Amino acid sequence: MTIWDTAGYLASSLVITAFCMKDILRLRLAASVSNVAFLIYGLGLGLAPVWLLHAILLPVNLWRLWQYSSRKDARAGETRAKARRPAIRVRRSPARPRSRALQLSA
C-alpha cells in the first residue's frame, strides 16, 4: 500500500466519521481534515475531480466552522452580559373593561 492509498483510506474514514457525528463543531473539524486528506490523495495520484472538489469544500467547511465558533462566542458573551445586568420587569396595565356601548352593539 502506498502513501496515497493511506491518504485515501484516511480521508474516506473521516467522511464516514463526519456523517456519524451529531455535534456540528466536531463534524466540521472532521470534514476539514478529510478535505485535506482528499487533497493530498487527489494531488498525489493526479485525480483532478477529487482534489478540485475538496479544494472547494475545504474553505466552505472552514468558513462554516468559523461562523459557528463566532456565533457560539457571541452567545456566551450575551449570557455573561445578562448575568451582570439586573432583570428589568415591565409592568402591564390591567385589562380595561369594554365600554357599555361596544358591548351592546357587538
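Modeller: Helices here are DSSP runs of H or I with at least four residues (strands: E, at least two), numbered from the N terminus. This is a predicted model, with pLDDT of at least 70 needed for local features and 80 or more for side-chain atom pairs, while totals for chains, interfaces and linings use all residues. Residues are numbered from 1 along each chain as its sequence is written, and side-chain values use heavy atoms, leaving out hydrogens and water.

Colleague: What makes I3, W4, V36, I40, L45 and L47 a nonpolar patch?

Modeller: Patch members need over 30% relative accessible area and no salt bridge, with nonpolar side chains (Val, Leu, Ile, Met, Phe, Trp, Tyr) joined within 5 Å and like charges within 9 Å. A salt bridge would be a Lys or Arg side-chain nitrogen within 4 Å of an Asp or Glu carboxyl oxygen. Together these six have about 500 Å² of accessible area (Shrake-Rupley, 1.4 Å probe, only the protein chains shown as cover).

Colleague: Which helix gives the most to the patch?

Modeller: α2 (24–45) and α1 (3–20) each supply at least two residues, but α2 leads with three. L47 is in the loop between α2 and α3 (48–84).

Colleague: Why is L47 called partly exposed?

Modeller: Buried is under 20%, exposed over 50%, partly exposed in between. L47 has 31%, so it's partly exposed.

Colleague: How do you know where the buried residues of α1 lie around the axis?

Modeller: They're A7, G8, A11, L14 and A18.

Key
Buried means under 20% relative accessible area, exposed over 50%, partly exposed in between (1.4 Å probe, protein chains only).
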